[in-house]
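Here is a short briefing on pockets, helix packing and some backbone details. Have the sequence and the structure open as you read.

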Amino acid sequence: MGSPDMNRLSLNQITTENLSLKEAAEGCAEQQIPWISVWRHKIEEIGLKESKKIIDANGLKVSSVCRGGMFPAADKEERLRRIDDNKRAVEEAAELGTDVLVLVCGPSPDKDLIRSREWVREGIEAVLPFAEQYGVKLGIEPLHPMYAADRSVITTLGEANQLQQQVGSSHLGVVVDVFHVWWDPFLYREIEHAGDTILGFHVSDWSVPLPDIFKGRSMMGEGVIDIPRIRGAVEKQGYHGPIEVEIINQAIWDQPGEQTLKQMKDAYHIHV
C-alpha cells in the first residue's frame, strides 16, 4: 500500500499541546500541513472569533473539533449542563467550518457502567437534533479499555457501532483511532460494520513498554500498530477524509513545535 496523500494530513492540536492555536496554525502553514483539528480549551483561551480568524488567515481547513461528550453524571442537572455544553461545541464546530465534533463519551460517576452507557445514549439523542440544524455530525470515538474508569465507558468499535445503530441517525458516526482499537480481535469486522458511518481516522503508535497510561502515545513507526493495514480497511469502507495525527506524549510536547511538525510529516509519509 502506498503512502496516503499529504493533502489529507491533519495536525490534531493536542500533539502540539504547548503551542497556542496561533503558533500551531502558523506552524502548519509553514510546513504545508493543510488541516488542523482544534481542541476546545485552545478555543477558550482566545475566543471563537479570534480562533476562526487565525485559522482562516493561515489557509487551514478544520478536520474536527475535539471534544464533546462527557455525558454521564450522577446529578441530573449536571447531565443537562453537559448536554448544553455539547450544543456549544456544535456551534463552535460549525463556526470553524468543520462538520465533525468528536465525542469522548465520558466515564461513569460510580460503578454502574450500564446506566452510564444509557446516559451516553440519552445525551447523544438530546444533542443530535441541534447538531443536525447546524450540519454537524457527532463522531463516537471508542477509547481503549484502560480509560474506562476516567475517560469513556465506550471502549470498543463494536460498542460504538451498536450505539450508532441504536440511535440510527445519519448525523451520528464513529471515529477510528488506531491507538484505541488496534488490539481488538474484531477490529476489521467492526470497521466493515461501520461502513460509511466512519467520520474520522486518527493515528499515533503504541510503543513497548508504554511510557505512561495517559501520555503514552508515540510517533507513528515507533510502536507495534499496523497503521497501513488499518488505514486500508477504513478506506475500503469509503473513508478518504483527513488523517489526524493525535499524539499525547510529554516528551513530544516539550520539544520545539517545528520539530514535532516536521517529524510527524516524515512519519506520516513512511508509516501511515
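A pocket is found on a 1 Å grid over the protein atoms alone: it is an open set of points where a 1.4 Å probe fits, with protein on both sides within 12 Å along at least five of seven lines. A cavity, by contrast, is a set of points from which the probe cannot get out. Lining residues have an atom within 4 Å of a point. Grid points are joined across faces, edges and corners, and a volume is the space filled by probe spheres set on the points.

This is a predicted model, in which local features need pLDDT of at least 70 and side-chain atom pairs count only at pLDDT 80 or more, while totals for chains, interfaces and linings use all residues. Residues are numbered from 1 along each chain as its sequence is written, and side-chain values use heavy atoms, with hydrogens and water left out.

**Pockets**

- The second largest pocket holds about 160 Å³ of space.
- Its lining consists of Trp39, Arg40, His41, Cys66, Arg67, Gly68, Gly69, Met70, Arg82, Asp85 and Asn86.
- Helix H2 (40-46), strand S3 (61-69) and helix H4 (76-96) each supply at least two residues of this lining. Helices (H or I, at least four residues) and strands (E, at least two) are DSSP runs, numbered from the N terminus.
- S3 gives the most to this lining, with four residues.
- By class, the lining of the second largest pocket has three nonpolar, four polar and four charged residues. Here Ala, Val, Leu, Ile, Met, Phe, Trp, Tyr, Cys and Pro count as nonpolar, Asp, Glu, Lys and Arg as charged, and the others, Gly among them, as polar.
- The largest pocket has a volume of about 230 Å³.
- Of the 15 residues that line the largest pocket, Trp39, Arg67, Arg151, Phe214 and Ile248 lie nearest its centre.
- The lining of the largest pocket divides into nine nonpolar, one polar and five charged residues.

**Helix packing**

- H4 and H5 pack at about 35 degrees, and their axes are 9 Å apart. Axes are lines fitted to C-alpha atoms, for helices over the stretch in contact, and angles run from 0 to 180 degrees between N-to-C directions.
- The crossing of H4 and H5 is right-handed. A crossing is right-handed if the near helix is turned clockwise from the far one by less than a right angle, and left-handed if anticlockwise.
- Arg79, Ile83, Asn86, Lys87, Val90, Glu91 and Ala94 of H4 meet Trp119, Gly123, Ala126, Val127, Phe130, Ala131 and Tyr134 of H5. Contact means heavy atoms within 4.5 Å.
- This contact of H4 with H5 has nine nonpolar, two polar and three charged residues.
- The axes of H5 (residues 113-134) and H6 (residues 157-167) come within 11 Å and cross at roughly 50 degrees. H5 and H6 are therefore oblique to each other. Angles under 35 degrees count as roughly parallel, over 145 as roughly antiparallel, 65 to 115 as roughly perpendicular and the rest as oblique.
- H6 and H8 (residues 187-194) pack at about 20 degrees, with axes 9 Å apart. H6 and H8 are therefore roughly parallel.
- H6 and H8 cross in a left-handed way.

**Backbone details**

- Most residues other than glycine have a negative phi, and most peptide bonds are trans.
- The peptide bond from cysteine 66 to arginine 67 is cis, with omega near 10 degrees. Arginine 67 sits in strand S3.
- Valine 208 and proline 209 are also joined by a cis peptide bond, with omega about 0 degrees. Proline 209 is in the loop between strand S8 (205-206) and strand S9 (217-218).
- Glutamine 32 has a positive phi, near 60 degrees. Its place is the loop between helix H1 (21-31) and strand S2 (35-39).
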